[in-house]
Every structure is written in structure tokens, then in C-alpha cells.
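Please look through the sequence and the structure below with charged side chains in mind.

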Amino acid sequence: MHRKFLVLLSVLFTLYNSLQAQEIRGKIVDSITKKPLPFVNIIYGQSNFGTTTNIDGNFTIDSNTPVKELRLSYLGYKPDTILLNPESANKKLEIKLEAKAYNLEEIVILPGENPANRIINKVVENRDMNNPEKMHSFSFTSYNKMIYKLGKDTLLHIDSTYIKNKLEKKLEKHHLLIIETVNEKEFLYPDKYKEEIVASKISGFSDPIFGLIASQVQSLSFYNDFFEILDKTYLNPISKNSTKRYFFLLEDTMYNEKNDTIFVVSFRPKKGKSFTGLKGFLHINTNKYAVQSVVAEPLEEDKGMLVEIKQNCEFVENKQWFPKELITNITFKEALASSGTEDYDLIALGSSYISNINLNPEVNKKDFNRVEVKIDENATDKSDNYWIDKRIQPLSEVETETYRIIDSISKAEKLEKKLAGLEAFMNLNIPLKCFNLPIVKIIDYNNYEGYRLGLGLMTNDKISKYFSVGGYFGYGFKDKEWKYGGDLILNLHKNSESKLHFAYLNDVVETAGYKFLETMDFTSTEIYRRYMIKDMDLIEKYEVSFSFLSFQYLQTQIFYNQSHITSTNDYTYEKSPTVFINDFTFNEIGLQFRYSYNEKFLQTLKAKYSMGTDYPIFYGNIIRGTNWLDGEYEYTKIEAKITKRFKFKTLGKTSLAATGGLIEGEAPLTKLYNGHGSYISFSIESENSFGTMRLGEFYADRFLSFFFKHDFGNILIKTEKFSPKFAIVTNYGIGSISNKAKHNTGIPVKSFDKGYYESGLLINNILNQSFIGLGFGLFYRYGPYTFLKTADNFAYKMSLTIGL
């Protein structure tokens with residue numbers, strides 16, 4: 001009887017506590033824009049416990065004692081106190097905070113050590129312990145959503161009297177685009193990632209290529225020295241020695257029910273410090289002094305683009321802090337002009353929610369390869385029930401309407417085909433049903449041919465994914481000659497990238513030029529030299545080559561060719577004391593390779609795109625000239641190139657390149673090496689070439705060149721409307737040639753065996769429009785090969801940079 005009484009008393013006590021327990025749910029938003037506010041500080045109860053809103057502005061408080069009020073504070077907003085009544089537990093609250101003027105630069109720094117600096121130093125000290133990318137391995141699943149819509153900056157600060165026009169009212173009913181993906185991601189220390197988009201849903205499109213955007217916007221970890229947003233690199237406020245570069249301010253202190261202290265610390269670059277930095281605030285949890293959440297944005301607008309990132313982390317399995325929610329908001333200012341007087345911003349709202357986190361799972365190293373991100377072939381086949389299960393929140397009415405309207409517009413306007421055409425264009429092809437038209441075959445230019453017009457056709461996957469066949473023709477308006485050629489490419493094995501290539505061409509080739517296993521990169525200024533070339537020879541060549549991926553990062557090509565080359569100027573080669581010729585027959589067998597350790601690629605269903613590497617890239621050629629099949633010359637050529645880029649925390653970035661070559665055996669000038677100059681009167685600056693060296697000025701049968709460029713970025717001069725980027729350049733080359741007497745050009749052939757020196761200054765981005773920057777450069781040659789007339793040693797350059 002006594003035991004029964006105790007059990008009854010226990011049940012009654014539990015029931016009483018449950019009646020007293022209180023759950024409070026709500027969402028906190030900006031009072032004007034209605035945008036949700038993440039990580040708002042909420043203090044409640046007599047014990048002054050605290051919590052924060054999540055990344056979507058939502059919060060839930062479970063309390064065993066009645067909560068009478070919520071005390072709210074948030075950086076940049078007026079503090080507020082919300083009084084609660086008994087009905088508050090039965091409904092979701094919507095709380096509006098009012099923004100206030102806030103300027104860190106107006107803060108007065110008092111004598112003594114800044115308490116925020118002590119906190120940040122502890123965070124920096126514990127970076128490796130809290131950084132998930134310092135673990136042995138992890139895996140997770142993420143649901144990602146990105147919404148594109150139009151807006152106006154004035155809409156962010158409107159009052160109740162603002163009257164929207166017809167376009168704005170229409171756009172309130174639906175967005176421009178919605179992208180949803182489900183990704184599975186694995187990591188293996190130190191830097192191996194494997195990510196697969198297993199599900200993709202895009203309004204108006206079935207091709208999942210847009211799905212690559214939703215999850216590739218910001219870095220996963222906020223603990224590395226540099227933080228990347230849309231391929232832009234920013235110095236992290238919790239990098240080593242960051243208190244020397246950033247100003248930190250302790251804004252608030254709160255406590256959670258686990259008795260952890262949470263510090264709210266704001267940050268921004270110190271005055272007078274010139275580097276690409278961020279501003280925002282951190283929530284620092286004293287449990288391992290980890291970053292619990294962060295809100296950050298670039299200190300200044302970048303090319304009309306505003307970016308804001310948010311991250312929220314949780315202490316997973318009581319072992320490791322790990323990102324759980326990520327948000328990226330991007331505004332492209334005045335990206336669309338309307339028919340009226342207003343220009344509209346393009347706004348992208350991206351969010352990622354991470355689940356199924358597995359810490360230190362067993363993973364197979366062999367499962368990781370060069371392709372870091374790929375799309376599952378069945379990614380677009382998922383059912384509606386699948387998406388209902390994966391979404392964190394159900395679709396809103398506006399989002400549902402977006403799918404309906406954009407799907408119908410896409411079908412009517414055939415947007416799917418236009419998207420396929422855009423992707424082909426990115427690969428320098430214009431699609432035409434079952435053919436691709438290479439853009440460089442339609443129009444081209446150099447100083448030998450002048451403008452060159454023509455046409456090329458190559459079959460695409462619509463005919464067969466196993467082979468491609470085609471040809472081209474072109475006409476140079478300066479040399480008044482036709483050129484033509486053809487190709488047959490057999491795709492033997494996809495994973496090893498094995499291809500067998502048969503080619504014929506009757507064309508022109510640079511005199512004494514050289515090339516490596518490189519693809520054309522339109523974001524590099526190196527490509528501009530090809531438009532300046534003025535010394536070219538006629539060539540007819542038959543070639544067969546086999547290319548493949550021999551190791552994970554080693555691309556290899558083996559080739560055999562026979563060519564007949566004719567000099568187009570007055571050059572003759574002394575074959576014997578009485579025989580001088582200007583046409584030559586060569587037979588060559590060779591090996592080319594490119595080694596780029598840890599280079600990562602992004603694989604769509606149709607193409608592969610390099611994401612780059614932080615390591616040096618090595619190129620090499622080994623070529624043997626033979627007397628097979630009427631070959632006239634026997635020689636061996638060995639050529640090599642190495643490139644490397646370095647990033648510095650506050651001083652910009654450095655580019656280094658070294659190139660060398662030698663030929664053993666005798667060969668005419670066309671098989672030697674020119675000095676790789678790029679001087680013409682007021683030309684475009686071309687990196688990894690000699691800007692003051694005339695084209696065809698020097699030749700060598702063995703040479704070595706070094707190219708150094710340091711880009712300070714805009715750290716030297718930076719104003720709101722004028723942000724030029726300064727760069728310094730220094731180049732050096734040396735090369736010699738034997739048997740000069742055998743090469744007759746009308747003037748003696750010159751080598752640069754005493755060493756060639758030049759330096760220059762570039763002021764890039766003086767004029768900037770979207771992703772294209774125009775600037776100016778000045779180069780000067782000095783040393784043994786200076787001209788007598790001082791003015792001739794200067795080269796004036798226009799700089800043209802493309803930043804994508």
C-alpha cells in the first residue's frame with residue numbers, strides 16, 4: 001500500500017511538472033524587410049538562460065518553469081523585451097526587430113587589453129581541434145535550395161507608402177528559378193572530397209547542371225586561413241594573428257542550459273589595413289572555444305555584387321562541432337534593366353541543411369579520384385514523395401507557383417535546348433543539332449594571316465558518344481591562303497579518358513614555337529600572345545595520337561606524325577656547303593605529359609571542368625625526330641614547363657613559371673625555339689612571355705626562361721568608385737644556338753646567351769565593367785640586350801583581365 005501511494009504521488013508530481021512546462025515557438029524577422037534574422041540572442045527565465053534563433057530565424061524554448069518575458073538583442077538592431085501571456089505557448093510568435101544605425105568605426109577603444117581579443121586567440125588556438133577538415137574522415141547528406149528572384153535596393157528600405165509597379169507585383173507571385181538538390185558527400189584527410197548530386201529538381205529544366213551551383217557557393221569549414229565565397233578568397237577573421245588585422249568587439253554574453261558561455265563578438269578589418277576582408281559577428285561557445293555560428297559579408301561591394309553568408313554549427317555526438325546549416329545570399333546590383341527607369345537587382349538566396357553526419361567512418365581511399373563533384377545519371381528521376389521527405393520545410397505558395405509557371409515558360413520558349421547550347425558555348429563550341437561548330441574556326445586573328453574566317457564542324461553525342469569526326473577550313477585575308485584539316489576521335493574508355501585521335505592539316509604554324517599539353521584558358525592573359533604572332537611557316541601534317549590518364553593526376557599523350565614544312569620568308573637552311581633549302585620533311589614520335597597533383601574536377605553529364613589545384617603543375621615533352629618514311633632530320637627535343645601560384649594573407653598573390661627546352665642534333669630553324677617575345681606597338685599584356693622582346697628577335701636550340709608576377713590586388717589604392725589592382729613583373733631568359741651559320745635569314749640569327757632581362761608595372765582594373773577589367777602597363781628591358789635609344793627599351797601595354 002505504501003509503495004502504491006509513492007507511485008501515485010510520483011505520477012501526480014510528473015503531471016504537475018508537465019502542466020507547468022512551457023514550449024515557446026517563434027520566428028524573429030526584420031521589421032521592414034521581413035527577412036528572418038539568424039542567431040538572435042534570446043534570454044529567458046529567472047536563471048537568465050539563453051538560446052538563439054536558427055539560421056531561418058526560428059526558435060523553440062522548452063522550459064520547466066513559466067517564462068514571462070523574452071529579452072532580445074541582435075547586432076545592428078534595437079534590443080527588445082517581449083512580454084508573454086499563457087496563450088503564447090499555443091501559437092507561433094512572429095517578432096519584429098527594428099534596425100538601428102551601427103558603425104564599428106565610431107567605437108572608442110579604451111586602454112587595456114581588448115577582452116574580445118582573448119576570446120579570439122582561444123578560438124585560433126583551438127582551430128585544428130574544432131575544424132572538421134582536420135578529422136580523419138566524415139560523411140553527410142545535404143539538402144540544398146537556391147532561389148533566384150528580382151528585386152530593387154529600394155525595396156529593402158521602403159516605407160508603407162511605397163507603391164510597387166506591375167512587374168514587382170507579378171514577381172511577388174513567383175520567383176525566377178528554384179534549384180533543389182540532395183547531395184552525398186565524403187571527406188578523407190587531408191584534402192580528398194567526393195560529392196555526388198543524387199537528386200536534382202530545377203524549375204523549367206531537366207538538365208541538372210544548375211544543381212552544381214546550389215551546394216558549391218561557400219566553404220564548408222570556417223577555420224581555414226582563407227574563406228571562399230563564389231571563388232573569391234577572403235582572409236578569415238579567425239586566421240593566425242588575426243587580431244593584428246581585424247578589430248573585434250565583445251557585443252554580448254549569454255548562457256545556455258548546458259552551462260556553456262556564448263560570447264557574441266563582432267569583427268571587421270582595422271582601419272588602414274589593406275587586404276580582402278570580411279565583416280560580421282561570431283557566436284563563440286566556450287565548449288572547446290568553437291565557432292557556434294557566424295554571419296559575415298565582404299567589407300566592400302565587389303563588382304556590383306553583395307554577398308552575405310551564415311553558418312550554424314552543432315556539437316555532434318558530444319565529440320565534434322560540425323556545420324548543420326549554411327545560407328548564402330547574393331545580390332547582383334542592377335543586373336536587369338526594365339523598360340522603365342528602374343534597374344532591378346538579381347537576388348540569389350541559397351540554403352543548405354546537413355544531416356546524417358557520420359564522424360570518422362571507414363572510407364576507401366581508392367574511391368576518391370580527380371572528380372570531386374559529379375551528378376548521378378538518375379538525379380532528375382525522383383518522385384514528389386521523395387522531395388516531400390527531404391525538404392526541411394514544405395514549399396511555400398510562391399515556390400509552388402514558381403515550378404508551375406517556369407515549367408510552362410521553359411516548355412514554350414524551349415529553354416532546355418538553349419541551356420544545352422550555353423554549356424556547349426562555354427566549351428568554345430556552337431551547337432547545331434548533331435554538330436558542334438568550334439568558335440576559333442569561325443573567326444581568328446594573328447599578325448601573319450590577319451583576320452581569318454572559316455568554318456569547322458565536329459559531330460557531337462547526338463550522333464555517337466563513342467566517336468567524333470569533322471573538319472575545318474579557313475582563309476587568311478593578309479597571307480591570302482586557304483587552310484583546311486580533318487579529325488577523327490575515338491573515345492575508347494571514359495574513366496581513363498582514353499582517346500585515339502587521327503588528324504590531318506594543311507595550315508600554318510609558328511616558326512620555332514613550342515606547345516605543351518595545355519587547354520586554352522580565357523581567364524589567363526597568356527592567350528593574347530597568339531594574336532601577335534607574325535612569323536609562321538606552312539605545314540602539311542599527318543598525325544595519330546593516343547591520350548590517356550596513366551595515373552590519377554598524370555595526363556599522357558603518345559604521338560607519331562609526318563610533316564612537310566615550308567618557310568614563308570627568306571629563310572634557308574644549309575643542308576650541305578652547296579645546298580640551301582627552305583622546305584623540310586620531318587617524322588616524329590613523341591610523348592607529352594601534364595602532372596597536376598590534387599587537381600579537382602567538376603563532372604556534369606556532358607563535360608568536365610577543372611576546379612584547379614594548389615600545387616605546382618608540371619608539363620613535359622620528349623620528341624624524337626627520325627629518318628623513317630623519308631624523314632630528313634634526326635634529333636631529340638626535351639621541353640619542360642612548371643607553373644605555381646601562391647596566395648598571401650595580406651600581400652596578394654604570386655605567379656611563377658619556368659620554361660626550358662633543348663634539341664640534340666641538327667635541325668632547321670622551324671624546329672628550334674624562338675625567344676617567346678610579345679612586343680608590338682601598344683599591345684595587350686600577355687603573361688609568361690617577354691613584353692619588350694620583338695617577335696622573332698632571338699632564337700635558340702637550348703633555352704631557359706623564368707617569369708615572375710606578383711599581384712597586390714587593390715590593397716594599395718581602394719576607394720568606393722576606383723579600385724585599381726597593381727602588379728609587378730620581372731622576367732629573365734637565356735638561350736644559345738650552335739651552328740648559326742647554317743641558318744640564313746638575310747640577317748644574322750641572334751641568340752640571347754648573355755641573359756635577357758625585363759621588368760614592368762601593371763595597373764589593372766582602372767576601368768571595370770562586370771567581370772572585365774581594363775588597365776595599363778609599362779615594361780622596360782635592361783641588361784646586355786638594351787637598345788641604344790632609351791625609348792626603344794620601353795613597351796606600353798594595355799591590360800585586359802577577365803574574372804569569372
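Is R702 buried, exposed or partly exposed? In this predicted model, R702 is partly exposed, with a relative accessible area of 35%. The side chain of R702 forms a salt bridge with D701, in which the closest N and O atoms are 3.6 Å apart, and D701 counts as buried at 8% relative accessibility.

| Salt bridge | N to O distance |
|---|---|
| E639 and K637 | 3.5 Å |
| R702 and D701 | 3.6 Å |
| E687 and R645 | 3.8 Å |

In the pair of E639 and K637, the residue E639 is buried, with a relative accessible area of 5%, and K637 likewise counts as buried at 5% relative accessibility.

The salt bridge between E687 and R645 has a distance of 3.8 Å from N to O. E687 lies in the loop between β40 (683–684) and β41 (690–694), while R645 lies in strand β36 (residues 635–648), so the pair ties together parts that are 42 residues apart in sequence. Within this pair E687 is buried, with a relative accessible area of 9%, whereas R645 is exposed, with a relative accessible area of 54%.

Salt bridges can also be linked to one another, and here a network of them connects E449, R452, D479, K483 and D507.

Technical notes. Residues are numbered from 1 along each chain as its sequence is written. This is a predicted model: local features need pLDDT of at least 70, side-chain atom pairs count only at pLDDT 80 or more; totals for chains, interfaces and linings use all residues. Side-chain values use heavy atoms; hydrogens and water are left out. A salt bridge is a side-chain nitrogen of Lys or Arg within 4 Å of a carboxyl oxygen of Asp or Glu. Buried means under 20% relative accessible area, exposed over 50%, partly exposed in between (1.4 Å probe, protein chains only). Helices (H or I, at least four residues) and strands (E, at least two) are DSSP runs, numbered from the N terminus.
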